Each structure stands twice: as structure tokens, then as C-alpha cells.
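Here are some notes for a colleague who is opening this structure for the first time. They are arranged as numbered points, to be read with the model in view.

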Amino acid sequence: MHWAARALRAASVDAVRFYHRLEVSVAHPVPDTPVLFVANHGFGGVIDLNVFAFAAAYDELGVDRELITLTHQIAWTLHVEKLIEPFGARLAGMQTALDAFEQGNNVLVFPGGDVDALKDWRHRNEILFDGRTGFARLAVEAGVPIVPVVTAGAGESLLVLDSGRRLAKALGLDRAFRLETLPLSLSIPWGLNLGMVGMLPYLPLPTKLTTSVLEPMRPGADETVEEFAARVHVVMQAELDEMTEDRRPIIG
């Protein structure tokens, strides 16, 4: 990682630790082999707090391996890839991940994509993978364990009134940009906004973040990819349910 990217990453992590009172818990040491980290989204776009929360957790794990983050193609469609590639972001794809593992790197994926990243307020404590199982298939094919990482609180950094899935489909965004959402949100300083706030810097509310790194998971002997993916999702949702059971919005 270039020194400038490293400095910006460190400053961003420190800001999230302070402003969002981030707490990280680690259930089990991460294996000293390449692993696939599977995480849930907070709010997508330029400021996805779960990405910074994960970075803080990765630092606490003390892992030396380079981390490759599988990233939605919208960054390349908008030609901003050179801004994020220095941080390890790569266009999401099976071969990209397999190459990273072959080179001895760890890989991070947010399976829910924009469906999970841009969900509305009432679903803020739900992990929405939208039936996607590619992450489990990747882990099986690469022979690496999945380490689930769950973050709570980021969906309270602004108010998403509606995910806009019907509108996105009506406008053909799924075909043009592989986007299934067009959220209607309320944020500072943009006020009421349709869609673009996720792509613009906004001032997040000082919501408390908590991140939990769970035990590594591997598929059972007779478990299908779909069953393995479902089991990972169940474990992550159960952890998020426990983390948010007595949670007060923003306060934590």
C-alpha cells in the first residue's frame, strides 16, 4: 500500500474509533493461512462505516497478509477505481479472489452488495444477502475458511426512508449498472436525497459502532454450497440480533 493511502487509511480508522466509539471483539484467532472474510454492509457509497470498522478490526487481529477487497463494479463504471485500488479494492469476481488466495492474500467480501448496503431504516439490523451464495462457492473452491465479521450501528448514520428497489428496477439500473437500489435518504448536509447521497461525502450521525469477528467456518462433509452459505448467514444474523437486542439508536 502506498504511504499516502496508508496514512489516509490510518486517519480514517482513528476517526471511526473516536467519533463512533468503535468497539471490536474477536471470538477466535484468525488462522495463519489465507481466509475469506465475509462482512455485512452498513451504508454504501463513499462513506460505508462498516468498511472502516472492518479495517480497525483487521488491525486488531494483527494479520500481516495483504487484504484484497472485492468491490462492486460501479466504482469502475464511474471511473473512480484509481481512488480505491491503493486500498486493496479490486473488481469483484471469482478469478480475482482465486488469484489473491494464490498469492497468499486474504480476501474480504460483502455478499449483500447494494441490497445490503442501501437498505432502509427498518431493516438496518438485518443482514440481506438476497439469496447470494457465491461467497460460499468461492471458499469451497479455494479451500479456505470463512471468517464472518459483523458490525452493528452503521445504518443509523443517516435515515434511509426507502431502498428504492422498485424504482431502480423500473429505471433499468440493474441492467445498466448492476444496481438494485436507489435509496431515498435524509442526511447532513444533503437533506432529502434520492440515490446520490451514497456517492457523496455526508456527515454521519455519531452512531456507536460495534464489530464482532466470529470463529472460522468450513463446510460440512455433506453440506452443499447453498447450505453452507445459509449457515454462514444464520450465524451472522444471530450475532447481529444479539448485538442489537438492547441497542438504542445512535447511542448504542
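**Notes on the predicted model**

1. In this predicted model, helix α7 passes helix α10 in a right-handed crossing. The axes of α7 (residues 134-142) and α10 (residues 225-244) come within 8 Å and cross at roughly 115°, and the two helices are therefore roughly perpendicular to each other. On the α7 side the contact is made by Phe-135, Ala-136, Arg-137, Ala-139 and Val-140, which meet Val-225, Glu-226, Phe-228, Ala-229 and Val-232 of α10. Sorted by class, the contact of α7 with α10 has eight nonpolar residues, two charged residues and no polar ones.

2. The sheet is open and is formed by seven strands, which follow the order β1-β10-β6-β2-β5-β3-β4 with mixed pairing. Because β1 and β4 (89-91) each have a single partner strand, they stand at the edges, and one side of each is left without a neighbour in the sheet. On average, and with direction ignored, neighbouring strands are turned by 25° against each other.

3. Some details of the backbone deserve a look, since most residues other than glycine have a negative phi, and most peptide bonds are trans. Ile-188 and Pro-189 are joined by a cis peptide bond, with omega about 5°, and Pro-189 lies in the loop between β8 (184-187) and β9 (191-194).

4. Where does Arg-21, a residue with a positive phi near 50°, lie? Arg-21 is found in the loop between α1 (3-19) and β1 (23-26), and with a relative accessible area of 34% Arg-21 is partly exposed.

5. Asp-130 likewise has a positive phi, near 55°, in a residue other than glycine. The loop that holds Asp-130 runs between α6 (113-117) and α7, and Asp-130 counts as partly exposed because its relative accessibility is 39%.

Key
Residues are numbered from 1 along each chain as its sequence is written. This is a predicted model: local features need pLDDT of at least 70, side-chain atom pairs count only at pLDDT 80 or more; totals for chains, interfaces and linings use all residues. Side-chain values use heavy atoms; hydrogens and water are left out. Axes are lines fitted to C-alpha atoms, for helices over the stretch in contact, and angles run from 0 to 180 degrees between N-to-C directions. Helices (H or I, at least four residues) and strands (E, at least two) are DSSP runs, numbered from the N terminus. Angles under 35 degrees count as roughly parallel, over 145 as roughly antiparallel, 65 to 115 as roughly perpendicular and the rest as oblique. A crossing is left-handed if the near helix is turned anticlockwise from the far one by less than a right angle, and right-handed if clockwise. Contact means heavy atoms within 4.5 Å. Ala, Val, Leu, Ile, Met, Phe, Trp, Tyr, Cys and Pro count as nonpolar, Asp, Glu, Lys and Arg as charged, and the others, Gly among them, as polar. Buried means under 20% relative accessible area, exposed over 50%, partly exposed in between (1.4 Å probe, protein chains only). Two strands pair if DSSP finds at least two bridges between them.
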